[in-house]
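Reader: I would like to learn how to read a structure, one feature at a time. Where do we start?

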Amino acid sequence: MASNKNLLILAGDGIGPEVMREVNRVVEWMDKRRAVSFDITEDLVGGAAIDKHGVPLADETMDKAMEADAVLLGAVGGPQWDNLDFSIKPERGLLRLRKEMELFANLRPALCFDALVEASSLKPELVSGLDIMIVRELTGGVYFGEPRGIETLPNGERRGINTQVYTTSEIRRVAEVAFDLARKRDSRVCSVEKANVMESGLLWREEVTKLHGEGFDDIDLSHMYADNCSMQLVRTPKQFDVILTDNLFGDMLSDTAAMLTGSLGMLPSASLGATDATGRRKAMYEPVHGSAPDIAGESKANPLATILSFAMNLRYSFDMGDEADLIEKAVTKVLSSGKRTGDIMAAGCELVSTEGMGSALLRELDEQAA
Ligand code: NAD
Ligand code: IPM
Ligand code: MN
């Protein structure tokens, strides 16, 4: 029996708990069928934590996250918490986790499964075989830069302030992750910023170029302005292998990339910290989508982004590549069998609920393990 793996599950709000229920079934399956024992703790984040503790992430939960081998997060936020003070909104809970765990590299793979080629809003030939890895910087930039806030000017006008800041070390450590990943893929990195109008973008370009010359010149490095990148992603998305970009551009470009794969409900992610001397690395796994208030509570949500995030968890934190492969193959099979949640529904397919998708996936897992 493998040693226990300490996993903290934070299901969060809206569809978060609905999709996480299906992950729990996969976890149970692993336990039973693969004799892998997970030590699972569940806790609250986001609106759910606000309702119980008055804050979007209790200190005890933060402590648990720091100690866990990995954190799996559903989604946070919803209209019922929109009018709270900015400092205690649900999203602050997620941002605190990322910042205090120093999860500076967010890997967002956009992979178009063959069966979903028709679900994309682009022409099939543009997305068929698509396999892009977006590496989004996650603990810096305008999300965290100071000064920030809303102030009232002497003339009574109000002013909202956020600051885009990057240091050389912040740029270099995330660029290194992108170069390392590219080596295991097609060895191409496209670094994306706006060096034409932002000093932080210029520094980004200079530092990425410098690092490239310090041992990564086997990688084909190109640079692109972010506005052009958003256009190129829907024009000829397969031109990209690894896209390296900052926090805000990465947020936006990954939602765009999600639609290339058929749905936001398909995109997983891994948020990774630095590897320490013992080889350990803090990590949180989270779908790219949010709490989807428009469909929450209706069992319509696609659980595959979160299930695939769990597969990334197995691969990156638990050294369980075989089990991650099993899940990814089962996802491929379920989609080929024509089972679809509403977001990826197509003519001739069978509409299933969130739970129905989970059940179909478990059946495929059973079949593969038989
Ligand atoms: P969203 O990602 O929640 O939803 C955007 C659209 O995609 C909606 O139409 C939704 O129904 C659909 N969608 C998303 N996930 C889906 C899934 N798994 N299956 C089927 N359809 C899915 O974005 P939003 O509506 O802009 O934000 C809603 C709330 O979620 C906000 O409070 C926002 O701050 C929060 N949010 C949280 C996260 C996170 O926790 N990581 C990410 C993004 C947004
Ligand atoms: C995401 C989300 C988050 C972000 C929000 C909810 C803080 O949109 O993970 O993509 O902006 O990073
Ligand atoms: Mn986002």
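Reader: Which residues surround ligand 2?

Author: A residue is near a molecule if its C-beta atom, placed from the backbone, lies within 6 Å of it. Ligand 2 is surrounded by Gly77, Glu91, Leu94, Leu95, Asp251, Val288 and Gly290. This is a predicted model: local features need pLDDT of at least 70, and side-chain atom pairs count only at pLDDT 80 or more, while totals for chains, interfaces and linings use all residues. Residues are numbered from 1 along each chain as its sequence is written, and chains are lettered from A and ligands numbered from 1 in the order in which they are written.

Reader: Which helix gives the largest share of the shell around ligand 2?

Author: Helices (H or I, at least four residues) and strands (E, at least two) are DSSP runs, numbered from the N terminus. Helix α4, residues 90–100, supplies the largest share, 3 residues.

Reader: How do the residues of that shell divide by class?

Author: Ala, Val, Leu, Ile, Met, Phe, Trp, Tyr, Cys and Pro count as nonpolar, Asp, Glu, Lys and Arg as charged, and the others, Gly among them, as polar. The shell around ligand 2 has 3 nonpolar, 2 polar and 2 charged residues. Around ligand 1 there are 11 nonpolar, 7 polar and 4 charged residues. Of the 22 residues around ligand 1, those that come nearest are Gly77, Gly265, His289, Gly290 and Asn302.

Reader: Which residues does the UniProt annotation "binding site" cover?

Author: UniProt positions are given in the numbering used here, feature names are shortened, and annotations may be inferred rather than shown by experiment. In the unreviewed entry, "binding site" covers Asp227, Asp251 and Asp255. They span 29 residues in sequence, but no two of their C-alpha atoms are more than 14.3 Å apart, so they gather at one spot.

Reader: Where does Asp251 lie, and how many C-beta neighbours does Asp251 have inside 10 Å?

Author: A residue is buried if 20 or more other C-beta atoms, placed from the backbone, lie within 10 Å of its own, exposed if 12 or fewer, and partly exposed in between. Asp251 lies in helix α9, residues 247–260, and counts as partly exposed because it has 18 C-beta neighbours inside 10 Å. Asp227 is in helix α8, residues 226–235. Asp227 is also partly exposed, with 13 other C-beta atoms within 10 Å.

Reader: What is the order of the strands in the open sheet?

Author: Strands of a sheet pair through backbone hydrogen bonds, either parallel or antiparallel. Two strands count as paired if DSSP finds at least two bridges between them. Here an open sheet of 10 strands has the order β2-β1-β3-β12-β11-β4-β5-β10-β8-β9, with mixed pairing. Its edge strands, β2 (38–43) and β9 (220–225), each pair on one side only.

Reader: In which sense do β4 and β5 pair, parallel or antiparallel?

Author: Strand β4 (residues 105–111) pairs with β5 in the antiparallel sense, over 7 bridges. Leu111 stands opposite Asp131 in β5. By contrast, β5 and strand β10 (residues 242–245) run parallel, joined by 4 bridges. There, Val135 has Leu244 in β10 as its bridge partner.

Reader: Why is strand β5 largely enclosed by the rest of the structure?

Author: Strand β5 (residues 131–137) is largely enclosed because 6 of its 7 residues are buried.

Reader: Which strand pairs with β9, and over how many bridges?

Author: Strand β8 (residues 188–193) pairs with β9 in the parallel sense over 6 bridges. Val189 has Leu221 in β9 as its bridge partner.
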